[in-house]
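Q: I'd like to learn how to read a structure like this one, feature by feature. Can we go through it together?

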Amino acid sequence: MAIEILQRDEELPSEWAHIFFPPEKREYELVYYGKERGEDILADTMAVPLQPVSTFGKNSDDWHNKLIFGDNLQVMKTLLKMKEKGELVNADGTPGVRLIYIDPPFATKKEFLGSKEQRAYQDKIIGAEFVEFLRQRLIIMSKLLTPDGFICVHLDYRKKHYIKIIMDEIFGENSFRNEIIVNRVKKSNHEREKVRKLNEEFDTILLYAKSEGAQLLPPTKVAKKGPRWHGFDAPNFRTGMDYSLFGRKPNSNRHWSWEESRARVAVNNYVRYEKERIDDETIEEYSQRIGTDIDSMEFIRAKPSTGTPEYFIPASDSVLCNNVWNDISAYSFSNAYPTEKSEALLSRIIGMITNSRDIVLDAFAGSGTTCAVAEKLGRRWISIDCGKLSIYTIQKRLLNLKLEIGNKGKHINAKPFTLYNAGLYDFSTLKQLPWADWRFFALQLFGCKDEPHEIGGLRLDGKLRRASVMVFNHRENPGKRIDEETIEDIHNAVGKLIGNRFFIVAPRGVFDFQQDYIDLEGIRYYALRIPYSIINELHQREFSALQQPNDATSVNETVNAVGFDFIQPPKVEWSLSIVKRENCDEACLRIKSFKSRARLRGKDTQGEWETFSMLMLDYDYNGKIFDMDAVADAHQMQKNDWQVFFPLERLGVNIMVNFIDIYGNEAREMITRNTFSPAATQSKPVKKKKTRS
Ligand SMILES: C[S@@+](CC[C@H](N)C(=O)[O-])C[C@H]1O[C@@H](n2cnc3c(N)ncnc32)[C@H](O)[C@@H]1O
């Protein structure tokens with residue numbers, strides 16, 4: 001039976017798979033319900049094609065930084081394919097990503113109110129699901145890294161101990177380099193009588209290398225004190241470090257800080273330059289004068305008051321970082337995005353791991369701190385997020401980038417970057433692709449190998465689970481339909497040569513029959529329709545759609561989307577008015593009805609208010625780029641009777657409104673400034689009623 005299943009190239013039931021392919025023996029591992037085999041995760045995750053939406057900036061370089069909207073698991077599988085094809089290459093030619101930094105959501109949401117036991121039980125389920133969610137992604141990340149790459153996983157006290165074990169399993173215990181402690185938001189410390197637990201004051205970054213040999217560029221921090229002379233002795237006795245200097249030896253049970261030869265050079269330097277000046281400005285000049293490296297311009301003198309040796313520490317001197325980074329804040333507190341991390345933090349991480357033009361990946365991009373800093377430091381970057389709020393926040397951040405870390409200083413233009421959709425596609429623009437691009441997209445969409453071949457004179461395009469795939473050329477054959485007769489013709493021509501399965505990919509409208517497949521003499525001919533979602537049978541996984549938050553607290557939820565779908569803008573009815581609020585005239589937009597039209601698992605579904613996610617506004621739309629100025633989520637809108645108010649004085653000639661449903665579909669509407677004419681400034685609604693179809 002098992003052999004028959006394998007011969008049919010089908011999946012073995014999991015209980016058998018464990019007998020035939022037992023998991024590797026480990027001394028210890030984290031066990032929880034729902035833990036999948038690593039091999040299955042790699043094999044079963046769908047790679048979804050990237051559909052370019054818009055490119056910002058132009059250059060001749062063929063690399064464009066990438067901002068990708070989609071579920072990171074599927075997107076990273078696509079990146080893995082790009083790595084295999086040599087499309088992800090660092091400055092020194094190494095394939096892959098040099099650094100991955102991730103700051104995933106911390107699995108905090110509680111779903112229901114039950115008894116204490118019920119809640120505790122549910123917390124554990126959510127916990128195990130979170131661990132598996134992250135583990136699946138970490139497995140793909142480990143494959144994406146260069147052999148000398150590093151990964152930093154930013155976590156808090158809640159799940160870090162589980163994830164440490166998972167990372168030991170994936171990367172190997174020997175690849176663990178550090179637990180880095182970073183400051184988290186401080187709570188005010190009111191005195192209380194009863195205290196259940198202490199304040200949590202730090203987050204953790206788990207730093208792992210891809211291989212044992214991988215080297216960090218030592219991170220340094222600038223010494224806080226200015227230039228100064230510092231005592232030359234150190235605690236404990238050390239053989240050979242108790243030589244005589246200025247006629248003195250270190251006190252008992254102490255030693256001199258440097259080897260004797262180094263100390264003698266430093267004493268000579270002092271003797272030579274003492275009459276000039278020993279300070280930060282002159283040291284560099286002396287090093288240039290005698291043609292020596294600035295690092296060997298060290299000075300030791302006998303302290304004028306006591307005669308004991310002391311050495312000079314320049315103000316610019318920097319010290320090697322330890323793993324407690326309490327000299328910088330890990331959070332930015334900018335209000336742009338919940339849990340936004342600081343540029344100082346990312347600057348230190350990127351600086352200690354990558355070189356100029358290396359590739360940096362952040363798969364939970366949020367407000368885009370990683371890509372903003374990568375951009376400033378001249379690194380190449382890929383950022384992924386499944387939230388529209390994140391995507392538009394990042395787009396805005398990159399278009400308004402400032403030179404200095406902390407986003408200060410003069411404006412700089414970000415290098416060209418392209419925004420892609422992954423897993424949620426716009427069919428109308430796909431249809432316009434040149435044939436070669438359409439063919440490639442169609443193959444990628446259904447996970448087929450691009451492998452042109454010929455059987456019995458029939459030109460075929462690829463392979464899917466070893467069966468042949470034909471991408472129907474609707475451009476070459478305009479008006480031609482695929483009906484049951486077409487399938488019979490194919491069967492008569494090549495049926496004996498093609499095994500037991502055959503796939504035809506074509507736009508949905510080209511097929512003249514409804515079934516997903518047609519069986520002819522034991523051969524199954526599948527119709528893979530675009531834009532229909534793929535039939536579940538091919539992937540053994542239920543499709544699930546991307547989910548957008550509908551209030552501020554859920555912006556940082558984990559999202560797990562499987563498969564792909566096609567954009568269907570929601571239908572919105574709305575009206576405009578000018579209202580007086582706190583003695584000021586404000587523009588007001590009121591949503592009168594909202595209908596989402598998502599296509600989920602190949603079926604069209606409709607939803608109303610419950611499928612509204614958020615509304616975004618660009619007060620001064622320039623006709624090309626949506627530059628988000630304000631956001632109102634479903635929760636806020638509902639509280640305000642589905643109205644949003646915005647300042648009249650900030651409005652430009654054109655205003656763009658973007659209505660987004662919870663599946664990530666957008667409907668955009670442009671409003672002109674003169675809709676809000678001064679004559680209309682009295683209290684009740686003046687304009688406009690508009691219906692969009
Ligand atoms: C804590 S935030 C990251 C904040 C970021 N480090 C910053 O500095 O702004 C986590 C992000 O992960 C995103 N996210 C959650 N699940 C995801 C998934 N499966 N794929 C891609 N992004 C996901 C959320 O939309 C959210 O923006």
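A: Let's begin with residue classes: Ala, Val, Leu, Ile, Met, Phe, Trp, Tyr, Cys and Pro count as nonpolar, Asp, Glu, Lys and Arg as charged, and the others, Gly among them, as polar. Sorted that way, the shell around the ligand has 7 nonpolar, 10 polar and 5 charged residues. Bear in mind that this is a predicted model, where local features need pLDDT of at least 70, side-chain atom pairs count only at pLDDT 80 or more, and totals for chains, interfaces and linings use all residues. Residues are numbered from 1 along each chain as its sequence is written.

Q: How many residues surround the ligand, and which are the closest?

A: A residue counts as near a molecule if its C-beta atom, placed from the backbone, lies within 6 Å of it. Here 22 residues surround the ligand, and the closest are D103, F364, G366, S367 and T369.

Q: What helices and strands does the protein have?

A: Helices (H or I, at least four residues) and strands (E, at least two) are DSSP runs, numbered from the N terminus. This protein has 15 helices and 37 strands.

Q: How do I read the packing of helix 9 and helix 10?

A: Two packed helices are described by the angle between their axes and the distance between the axes. Axes are lines fitted to C-alpha atoms, for helices over the stretch in contact, and angles run from 0 to 180 degrees between N-to-C directions. Helix 9 (residues 343–353) and helix 10 (residues 369–376) pack at about 60°, with their axes 9 Å apart. That makes helix 9 oblique to helix 10, since angles under 35 degrees count as roughly parallel, over 145 as roughly antiparallel, 65 to 115 as roughly perpendicular and the rest as oblique.

Q: Which residues of helix 9 and helix 10 make the contact?

A: Two residues are in contact if their C-beta atoms, placed from the backbone, lie within 7 Å. On the helix 9 side you have E343, L346, S347 and I350, and on the helix 10 side T369, T370, A372, V373 and A374. By class, that contact has 5 nonpolar, 3 polar and 1 charged residues.

Q: What about helix 10 and helix 11?

A: Helix 11 covers residues 388–399, and helix 10 packs with it at an angle of about 20°, axes 10 Å apart. Helix 10 and helix 11 are therefore roughly parallel to each other. From helix 10, C371, A372 and E375 meet I394, R397 and L398 of helix 11. The residues of this contact divide into 4 nonpolar, no polar and 2 charged.

Q: Is V75 buried or exposed?

A: Count neighbours: a residue is buried if 20 or more other C-beta atoms lie within 10 Å of its own, exposed if 12 or fewer, and partly exposed in between, with C-beta atoms placed from the backbone. V75 is buried, with 25 other C-beta atoms within 10 Å. V75 lies in helix 4 (residues 72–84). Leaving aside neighbours within four places in sequence, V75 is in contact with V48, I68, G70, I384 and A422. Across the whole protein, 34% of the 693 residues count as buried.

Q: Where is P338, and what does P338 touch?

A: P338 is in the loop between strand 14 (324–329) and helix 9. Not counting residues up to four places away in sequence, P338 touches A552, V555 and N556. P338 and S367 are 29 residues apart in sequence and 8.3 Å apart in space, C-alpha to C-alpha. S367 is also among the closest residues to the ligand.
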